[in-house]
Amino acid sequence: MAAVLRRLAVPAGNLHASTPPPSRKRRKTPCLPGCWYNPGAAGRQATDTKPKGFALSVSQQNKDGRLMGVSAPIYSPLQEDNSLGAQDSREWSIRVRRARQRRTMLELIALSYLVDSGLLLIYGLAGVIPVAASLAFAACGLTAVATYRMFLGAGICARWPEHYWVIPQIAIHLAVQIAFAWMYPEIGFLFMCAVFVICSFASLRATLREALIDWALIALALGTLLLLIDQPLSLPQNTGFERFIAVVVLISAFGRSLYLGTLSAALRDKLYRRSVELKQAYDKIEELAELDELTGALNRRSIMRMLDDHLVSARRSGEPLSIALIDLDWFKRINDVFGHPTGDEVLKTFAISIFANIRTADRFGRYGGEEFLLILPQTAQPDAAFILERLRMIVGDLDWSAFSDGMQVTLSAGIATLAADETPEALLARADAALYEAKALGRNRIALSTSVADADCAACPPPYTRIDA
């Protein structure tokens, strides 16, 4: 990166890439102002000093100056580095979050094995099973957890689409429970409770496919165990102490399952909150993409899309559609005399005044600079002229001196009504011509544009009619 920045800081010469002199080190030859070209590299590569997003087209010429060809656009590698860095950062944060979740699950599994090992140790001290059985059970379970933790630390799990390894983990832990239930059937019911806890762990992350596979594995393992074992799976209950330990076994199994259920509920709540936040962010992005940042009106792309939609709807229903191009009079003079911040406040106040005095069905957007487009659905030209005249009087009557003494803001507008088979471009052109006529007549007025199809209509005034207050 430092080498790229040093190359960007050095001025260069012309467009010609001279042949490098024979030497052991390749010399960097100037190819564009602010760019450097390495003749030994495969193809021409340049680094632009312009802001990112500007492309370079490098032309190669022969000795007499004739154009030999134009290379493909060349973009700054700094832009690519920035985008790749942001992408790597997002991927890294996702991996860190997943690793943290997996470590939490592994800690809970290890704790569950320690609880069952403690219960087995109690049975071992009571003489029901050998004491070594509890140590062997703990060793098997913790070894399985440690092995998966080692794979997690090596990044092996992240290479798989299912990075939690639900099926392999279920198979290994189920094998441990079935093996000890087969060796010690006199306390086999304890291991069956542990199988229910394993199912609770699997329910946190298993998909439908993984859940069906796990169910099949558990059914096969339990069926095989019950068919091969001669002694029934049970818990000793001969003495009061043994009955007490049996109650502890059941309570611990139910408690762990319920706790995992609360974790599942917390995950669902977190997912719901994330989805709500994502929906809000998406709505905000859509709003920002459709609205003009300064005035809050629809931006040009949105208002033009709505114009197309209203044209289609008007043709389908046969109802009239009028539009008005509105321009603030002498707005450049306002910027020059009172300053651009005051001009911005004027635009905001104007947009708010228009929004407060148009109908719900009308659409108002910023067409460009101090020009705005007002779409008036289901509105004939006489009604549109009345609406625009009312807006003109409202804007002119506002106390603009609040921004600066002596300030007065007025508007001019050109109105056009949709004719049969007229394109949006033609309709806008007629409204723009009417606006130009309103300015030519002295500004602070409304002008109408009448299509050829409506020329015989008595209710419609002739083209470019001046409407005085």
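How many cavities of 30 Å³ or more does the count come to? In this predicted model, the count comes to one.

## The largest cavity

Rolling a probe the size of a water molecule over the atoms shows where empty space is left. In the largest cavity, that space amounts to about 290 Å³. Its lining is made up of 21 residues. Nearest the centre of this cavity lie Ile109, Gln169, Ile170, His173 and Phe201.

Three helices, α2 (77-125), α4 (166-183) and α5 (188-205), each contribute at least two residues to the lining of the largest cavity. The largest share belongs to α2, with seven residues. By class, the cavity lining consists of 13 nonpolar, four polar and four charged residues.

## The largest pocket

The largest pocket holds about 420 Å³ of space, and 14 residues line it. Arg97, Gln101, Arg205, Leu267 and Leu271 are the lining residues that lie nearest the centre of the pocket.

Helices α2, α5 and α7 (240-290) each supply at least two residues of the pocket lining. Here the largest share, six residues, comes from α7. The lining of the largest pocket divides into five nonpolar, three polar and six charged residues.

## Packing of α9 against α10

Two packed helices are described by the angle between their axes and the distance between the axes. For helix α9 (residues 331-338) and helix α10 (residues 340-355), the axes come within 7 Å and cross at roughly 135 degrees. The two helices, α9 and α10, are therefore oblique to each other.

On the α9 side, the contact involves Phe331, Ile334, Asn335 and Phe338. These residues meet His340, Thr342, Gly343, Val346 and Leu347 of α10. The residues of this contact comprise five nonpolar, four polar and no charged.

## Aromatic pairs

The count of aromatic pairs comes to 12. Among them is the pair formed by phenylalanine 350 and phenylalanine 364, which is edge-to-face, with 6.2 Å centre to centre and 65 degrees between the planes. Phenylalanine 350 belongs to helix α10 and phenylalanine 364 to strand β6 (residues 363-368), so this pair ties together parts that are 14 residues apart in sequence.

Technical notes
Residues are numbered from 1 along each chain as its sequence is written. This is a predicted model: local features need pLDDT of at least 70, side-chain atom pairs count only at pLDDT 80 or more; totals for chains, interfaces and linings use all residues. Side-chain values use heavy atoms; hydrogens and water are left out. Axes are lines fitted to C-alpha atoms, for helices over the stretch in contact, and angles run from 0 to 180 degrees between N-to-C directions. Helices (H or I, at least four residues) and strands (E, at least two) are DSSP runs, numbered from the N terminus. Angles under 35 degrees count as roughly parallel, over 145 as roughly antiparallel, 65 to 115 as roughly perpendicular and the rest as oblique. Contact means heavy atoms within 4.5 Å. Ala, Val, Leu, Ile, Met, Phe, Trp, Tyr, Cys and Pro count as nonpolar, Asp, Glu, Lys and Arg as charged, and the others, Gly among them, as polar. On a 1 Å grid over the protein atoms alone, a cavity is a set of points where a 1.4 Å probe fits but cannot get out, and a pocket is an open set with protein on both sides within 12 Å along at least five of seven lines; lining residues have an atom within 4 Å of a point. Grid points are joined across faces, edges and corners, and a volume is the space filled by probe spheres set on the points. Rings of Phe, Tyr and Trp (its six-membered ring) pair if their centres lie within 6.5 Å; planes under 30 degrees apart count as stacked, over 60 as edge-to-face and the rest as tilted.
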